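Please walk me through this structure. Start with charges over rings, then turn to strands and aromatic pairs.

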Amino acid sequence: MATRKVKIDETIQDFDENLTIIQACELSGIQIPRFCYHEKLSIAGNCRMCLVEVVGGPPKPTASCAMQLKDLRPGPNGQPPQVLTNSEMVKNARKGVMEFLLINHPLDCPICDQGGECDLQDQAMSFGLGKSRYAEDKRTVEDFDLGPLVETHMTRCISCTRCVRFTTEVAGIDQMGQTGRGEDSEIVTYLSHTLDSELQGNIIDLCPVGALTSKPYAFTARPWELQKTETIDVMDGVGSNIRVDSKGNRVMRIMPRENHFVNEEWISDKSRFVWDGIRVQRLDTPFKKINGNFVSISWEDALLLASEKLKNGKTTFVSGDLISTEALYAASKLSEYLGGTKVLGDLETRCPLDGRSVYVGNGKIEDIDNAKNILLLGSNPRKEASVINARIRKAWLTGTAVYRLGLEENLTYDVKEVGYSFFDLQSFLNKMSSKKSFWADTIFLVGYSFLNSKSSDSALNLVRSLVERYKSKFLVLHPNASAVGALDLGYEVVSDVKQKFLGEATTIYNLGCDTLPLNQESFVIYQGSHGDKGAVSADLILPSTCYLEEDGIFVNTEGRGQYARKAIQPPGKAKENWRILRALSERLGFTPSYLDLNGLRSALFKEIPFMSRPGEIIEVPWKKVQKKRELVSKTPLASYVKNYYLSNSICRASETMGKLAKVRNSINFKKAS
């Protein structure tokens, strides 16, 4: 890395010469105002707010986002080039830019949803004039429809083009652009199309003014009224870092937090807009089914009935997709005490996932950035992990080759098709077997349609043998937030739960699983937050909290444990998941060693040490591949995620997710016809 000495104001420092002036200023602790510049987008240089003075350089102020340090000229005697960020020239230039930006702005801050967290407001306070000198009529622009998520107020637009660059570069869609020149320039959509992306909500955060706002959040709250809680998203297995803004006991919006190891600065639309399903169809009191109808009962009676059923016969504990690791641990200890079995009900696979290096692998999400080759094996990351899909697209834009085994679907980047079946995969691997350099810089991303297909055991062995031989990277894309934590605790994943485990069970303890085909001869206890499919088929319902109503740990698809924190209180008589299981354990004569959540975590960390460092990935020994006879199947891999926007009970309770599902079905119908 070539470095260069640069004097910024009065301080001389060494910087990478490929940095821009604005980046060097940031590293020096100097904040440069900007509207169009964003670290994750290409440089546009069109707002001119980031002007600085380059001593001995151009006679006019320079856009600091568009000039690299290596382009600066040294002083006449070889002195380091100097950049001034607060000179009179710079102050006057920024005031002039701000005055031009406000000429056509409607100045409707009191009714704008961006009010209180608007970059234009903040910078107008620092660089704006006390009054306007513009007396002519202001320009107005017609709004357009972007769909059920993003509200447009285009008269406020300052043409920073962040939204255009994001949708084109990160989301991989081409439905937004800029037309016209000068005063006639405006942001438009192609033929009035709505946005077709799982990441479109991020343009709301990117917009520095109130031109693009959230439709579901519109006119409901002001930012200074909101209680902000930093937590983890559970709508998929990525573990995106989010911030939950609540007012009283209601969630008002969900926004992304920066974590460059996991989700960078983005979250999926499902993560962002699912909050309106939190309060709908909630289970807020225990229920017992009598003659096909549910009747509310007390917690005392509910625990008494549950303990009586669990004492007699065989019990199977079934885990859902939104359950914290602490609750899974409490259920695991109770299952061991009762001599029962424990399975993951929301995931199916035909190959055993025995060993953390098998179901997590040796790769990280950030490894995608540096891979030269990416193999998608039975995975559709656009539906299963939208944020990871954006990361793959970013790598593809820099020259990474992407190969796919599975169904042909638009992933927002070009892929080289390997085929549809394991037979095609074996042919591809035989063809590339002699290219050692190819495998050394390759990451395998394995999806559940790969793991749940005929001959998947031998196919997975084949892939892992390549990883073992060439030191490649291997990562399983788990679609559910609870999957890795449950597997760490010994929950089994099978291809037919009903046939293998539920047929002999007299009692089924269902922890929030809504996709399980249950045996009606068994007594079913459902512990969950929403009145969804699992609750309907239950004989006894124990109402619990959802992921925003209790503290917990969730382990993401790469094996990184992260803390989820409580943002709101649960409704009615709903209790925390681990508390319900502890109370039930005492009823059964089994007294756990913990009294509170901290005690539970201490017991969990003692038993599984790598859980004790949330936020980190603890490497585990690679499990050697056992040589097996290869079974080659020509059966095409099926799609695992059927309906992206309605994938769990909270999504199905969300009005916004229902609208998105309708829009997506309409788009798919038009494409098909």
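A charge counts as sitting over a ring if NZ of Lys or CZ of Arg is within 6 Å of the ring centre and within 35 degrees of the ring normal. In this predicted model, R464 lies over the face of W622, 4.2 Å from the ring centre. K270 lies over the face of Y644, at 4.3 Å from the ring centre.

Now take strand β15, residues 315-319. Five of its five residues are buried, so the rest of the structure largely encloses β15. T315, F317 and S319 point one way from the strand, T316 and V318 the other way. β15 runs parallel to strand β22 (residues 507-511), and five bridges join the two. There, T315 has T507 as its bridge partner. β15 also pairs with strand β16 (residues 341-344), again in the parallel sense, over four bridges. S319 is bridged to L344 of β16. Between β15 and β16 the chain passes through helix α8 (residues 325-338), and this β-α-β crossover is right-handed.

Next, the aromatic rings. The structure holds 16 aromatic pairs. One is stacked: the ring centres of W439 and F444 are 5.8 Å apart and the planes are at 5 degrees. Both W439 and F444 are buried.

W578 and Y594 pair edge-to-face, because their planes are at 65 degrees, with centres 6.3 Å apart. W578 lies in helix α19 (residues 577-587), whereas Y594 lies in the loop between α19 and α20 (597-607), so the pair ties together parts 16 residues apart in sequence. W578 is buried, at 3% relative accessible area. Y594 is buried too, at 4%.

Definitions and conventions: Residues numbered from 1 in each chain as written. Predicted model: local features only at pLDDT ≥ 70, side-chain atom pairs only at ≥ 80, totals over all residues. Heavy atoms only, no water. Buried < 20%, exposed > 50% of the residue type's maximum accessible area, 1.4 Å probe, protein only. Pairing = 2+ DSSP bridges. Right-handed = clockwise from strand over helix to strand, strands pointing away. Phe/Tyr/Trp six-rings, centres within 6.5 Å; stacked < 30°, edge-to-face > 60°.
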